[in-house]
Amino acid sequence: MEQLEESKDLTIAVPVLCAEFYDNRTISVNERINLRINFSRYLSKKCTFEEQRANRIKELFNDIGIELTDVEALNKFEYYLFNYEASWSAYDDVRSTLEQLNSCKLGIISNGDYQQQVLKLRKIGVEKYFCDIVTAEEYGVSKPNIELFQIACKNNNVRPEECYYVGDEVRTDILPCK
């Protein structure tokens, strides 16, 4: 990773950083699509958090001809979640990269659940590098809505032009940050 240049204009070089630096390659393409569709429904308040979990599993099983009740789907989701969380691991260069950024104030902006974001950071051993986590679940607004980015800036007492943002999805992470 390149060294960041010192800048007198920036009081905080990197207050927000996407949480997608853990290795989640174990999730299938169908599950990623299913997740986005159902989580988008949850974020737009068309279903509850629990309903989106059940719907994700029911749709995956429907694809192979198995119908599940909500209770069965939630039980299977708990099994999936246990294994998903057990698979979290940091890429090899994450800690060294975060060490190089130790003079910067780092935070997370996520459409996910606050407690799960904290759990991810703890599990992969990088929680100490982050001072703020802003989630859609916590504030009731999701990316790409610019308001979530503005909340992160306000929480950290910085202007958007003083921030760098790293994301993994053009539509939700990059376009709102013009």
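Residues are numbered from 1 along each chain as its sequence is written. Local features need pLDDT of at least 70, side-chain atom pairs count only at pLDDT 80 or more, and totals for chains, interfaces and linings use all residues, while side-chain values use heavy atoms, without hydrogens and water.

**Exercise 1. Find what the chain averages in pLDDT, then examine residues 1-23.**

Step 1. pLDDT is the predictor's confidence in each residue, from 0 to 100. The chain averages 80, and 80% of the residues score at least 70.
Step 2. Over residues 1-23 the pLDDT is below 50. Where pLDDT is low, predicted coordinates should not be read in detail.

**Exercise 2. Characterise the salt bridge between Arg-53 and Glu-78.**

Step 1. Apply the criterion: a side-chain nitrogen of Lys or Arg within 4 Å of a carboxyl oxygen of Asp or Glu. The closest N and O atoms of Arg-53 and Glu-78 are 3.8 Å apart.
Step 2. Locate the partners. Arg-53 sits in helix H2 (residues 49-62) and Glu-78 in helix H3, 25 residues apart. Helices are DSSP runs (H or I, at least four residues), strands likewise (E, at least two), numbered from the N terminus.
Step 3. Classify by relative accessible area: buried is under 20%, exposed over 50%, partly exposed in between (1.4 Å probe, protein chains only). Arg-53 is buried because its value is 17%. Glu-78, at 44%, is partly exposed.

**Exercise 3. Classify Asp-173 and Lys-143 as buried or exposed, and locate both.**

Step 1. Their side chains meet in a salt bridge (2.7 Å, N to O).
Step 2. Asp-173 lies in helix H8 (residues 170-174), Lys-143 in the loop between helix H6 (136-139) and helix H7 (146-155).
Step 3. Asp-173 and Lys-143 are both buried.

Terms used. Contact means heavy atoms within 4.5 Å.
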